[in-house]
Amino acid sequence: MRIIHLTPGTGSFHCGSCLRDNALIKALRARGHDAMIIPLYLPLVTDAEEANPEQAVKVGGVSLYLQQRLPGFRFLPRFLRTWLDGEKLLRWASRFMGMTSARDLGEMTVGSLLGEGGRQWSEWDRLIQWLETEGRPEVVSLSNSLLIGLAPALARRVKVPVVVSLQGEDSFLDTLTEPYRTQAWDLMQKNAQSVARFISPSDFYAKVMAERLAVPGHKISVVYNGLNYEAGRMTAASRRRYRRLSGPYDPRKGAHHSGGCIHRT
């Protein structure tokens, strides 16, 4: 099955969602699926090799911000918009992402959730066109429900099921100032009608978001987050080297002693 997973990047720091999404794509490939991760906003930052580093950011955060603030931005020449979506500029811009005002944050969030009715749509529309003509997925997966403004257009134009992961969005949305908080939740509920399936990391959160999104409980599946512990498994050679460097084991203290250092076990 061809699965395209859309996930926001951070550009300059590690984020649990990026790590989880990168591992998810690798796991899906291991199961035989044709899975691909597409970064949005900013480049991905992971603690392992990227699943498909050849994929550039499809919708740049700088362009989205300018589109929201400057309605005439869509008339900017293509070469300038391409430059704004370049990796170097996006990584530089990511260092200032925490400086957005509460008003800008609310406007950007609601603007994204408005989907086709928002100022940002000319940027998002390019992504939809790419999915229609080149990506051609059988399923589109959204990393979190803050991307749910894409769901109606994906379901109607790309004509594939839309799956949305739930990752603590309620705590973010509840911090927005009014009227953005109420507007955002109203739009979340409206767009949720175009989602085929939600994925929750716990039973508790599934119940919380079923109520907040006004969707039936059977529309949310619980899939617990996993760990790739194989990457951290010590080989026999590694264990021998560790013991040689750590010194003798003291069972009374539960530690290895090596000079002035104590290595807890």
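**Before you click.** This is a predicted model, so take the ground rules with you: local features need pLDDT of at least 70, side-chain atom pairs count only at pLDDT 80 or more, and totals for chains, interfaces and linings use all residues. Residues are numbered from 1 along each chain as its sequence is written, and side-chain values use heavy atoms, with hydrogens and water left out.

**Whole chain.** Colour by secondary structure and you get eleven helices and nine strands. Helices here are DSSP runs of H or I of at least four residues, strands are runs of E of at least two, and both are numbered from the N terminus. Of the 265 residues in the chain, 44% are buried. Buried means under 20% relative accessible area, exposed means over 50%, and partly exposed is in between (1.4 Å probe, protein chains only).

**The sheet.** Next, show the strands β2-β1-β3-β4-β5-β6: in that order, six strands make an open sheet with parallel pairing. Two strands pair if DSSP finds at least two bridges between them. At the edges you'll find β2 (34-40) and β6 (220-222); each has a single partner strand, so one side of each has no neighbour in the sheet. On average, neighbouring strands are turned by 25° against each other, direction ignored.

Zoom in on β1 (residues 2-8), which runs parallel to β2 and is joined to it by seven bridges. Pick T7 and look for its bridge partner in β2, which is P39. Angles run from 0 to 180 degrees between N-to-C directions, using axes fitted to C-alpha atoms, for helices over the stretch in contact.

**The core.** Select L6, L142, L150, L154, F198 and L213, the residues with the most contacts inside the largest nonpolar core, which has 44 residues. Such a core is a set of buried Ala, Val, Leu, Ile, Met, Phe, Trp, Tyr and Cys residues joined through side-chain atoms within 4.5 Å. A separate core of eight residues includes L28, A35, I37 and I199.

Which residues does L142 contact, leaving aside neighbours within four places in sequence? They are H5, L6, L147, I148, L150, L154, V162, V163, V164 and S165, with contact meaning heavy atoms within 4.5 Å.

Go to α9 (residues 180-192) and highlight its buried residues: Y180, A184, W185, L187, M188, N191 and A192. Looking down the axis, they fall within an arc of 165°, so they line one face of the helix. The arc is that of the directions from the helix axis to the C-beta atoms.

Then select α10 (residues 203-213), where Y205, A206, M209, A210 and L213 are buried. Their arc is 140°, so they too line one face. They pack against α8 (169-173), α9, β5 (197-200) and β6.

- Between α10 and β6 sits A214, not a glycine but with a positive phi of about 60°; at 46% relative accessibility, A214 counts as partly exposed.
- R136, in the loop between α6 and β3 (139-142), has a positive phi of about 45° and isn't a glycine either. At 57% relative accessibility, R136 counts as exposed.
- P179 is in the loop between α8 and α9, and the peptide bond from E178 to P179 is cis, with omega near 10°.
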